[in-house]
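Thanks for coming, everyone. I'll take you through one model today.

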Amino acid sequence: MTADGDGRSYGKLTTPRIAAELSERSTLCLPVGSLEQHGTHLPLNTDTVIAERFALRLAAHVADRHDLWVAPPVPYGLSPEHAWAPGTLTLDIPLYASLITTLVGEYLRATPGRTVLIVNGHGGNRGVLEGLVHQLQHTHDVAICALHPSTLAASEVTVDSELPEVHAGIRETSLMLALAPDHVRLDLLPAGTRPDPGQREAIQRLVLDRGATWPWTSDDPTLSTHGVIGGDPRKASVELGEALITAALSAGADILDRLVPPGANGPITLRRTHAPDS
């Protein structure tokens, strides 16, 4: 296996290798992202790149105790907050839910695996995924959870940012510098522009407040600067990106250990957290 986990790429297997390589103990990993504006310096597929490349690194990181296979990523997501920008594509909620439900069902039909890990690179997908993991567990009797690498990393590594990190700022740019540096174009950032500290209140109220949900948009000048919601991307670094990835890998490994206890024998049983029906 390569250091980035490429040897665990599901799409590179031949048909005969499915039966030879995958078993009931295998975990199917589905990276999901989006195709949306990420400022002037990051590509439209940033969230998809982060989800897939993190998933491959996770496969390598846990290879000594988990049989994780990374499926081709889903490159489209729920991005109405960025629909104002040229190039952004967004699915509607019923279509997205149907797509993820169908794909998970198909992977379970086509393989002996009975565990699914969704690696989500786009915050806008999270709300629907939270409902879908419940539905998929009950529909397919499968052990499943959704993992959000950027959130895992943020809880462990402090980013020196002028503003809360939401979209295309220091944190996300650092992740891309570590995972796909050839995709980052800091030279395309408009000269002389810097984040506005006055955006902090609107970011906290419209995006981050968990007590209310608002339909915000990333072209709102009270929230963003050239599509960036967060600190100055020029402060991003490979070192910060690698620190974020390391933290997310450690947390991701712990999550996998709870989803599929390492070294367990026999068929997978669901780890239900709710009380049984009375």
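Start with His122. Setting aside neighbours within four places in sequence, His122 is in contact with Val32, Gly33, Ser34, Glu36, Asp47, Leu78, Ser79 and Glu81. Keep in mind that this is a predicted model.

Where does His122 sit? His122 is in the loop between strand S3 (115-120) and helix H4 (126-140). Is His122 buried or exposed? The relative accessible area of His122 is 4%, and buried means under 20%, so His122 is buried. One of its contacts is with Asp47. There, the two side chains of His122 and Asp47 are joined by a polar contact of 3.2 Å.

Now the empty space. Rolling a probe the size of a water molecule over the atoms shows where such space is left. How many cavities of 30 Å³ or more are there? The count is 3.

Take the largest cavity. It holds about 100 Å³ of space. Its lining has 13 residues. Leu189, Thr193, Thr225, Val228 and Pro233 lie nearest its centre.

Next, the second largest cavity. About 50 Å³ of space lies there. Which residues line the second largest cavity? They are Leu28, Cys29, Leu30, Ala71, Val104, Tyr107 and Val116. Strand S1 (27-32) and helix H3 (93-110) each supply at least two residues of this lining. S1 gives the most, with 3 residues. By class, the lining of the second largest cavity has 7 nonpolar residues, no polar and no charged ones.

Methods. Residues numbered from 1 in each chain as written. Predicted model: local features only at pLDDT ≥ 70, side-chain atom pairs only at ≥ 80, totals over all residues. Heavy atoms only, no water. 1 Å grid on protein atoms, 1.4 Å probe; cavity = no way out; pocket = protein on both sides within 12 Å on 5 of 7 lines; lining within 4 Å. Points joined across faces, edges and corners; volume = space filled by probe spheres on them. Helix = DSSP H or I, 4+ residues; strand = E, 2+ residues; numbered from the N terminus. Nonpolar A, V, L, I, M, F, W, Y, C, P; charged D, E, K, R; others polar. Buried < 20%, exposed > 50% of the residue type's maximum accessible area, 1.4 Å probe, protein only. Polar contact = N/O pair within 3.5 Å; in protein donor to acceptor, adjacent residues only side chain to side chain. Contact = heavy atoms within 4.5 Å.
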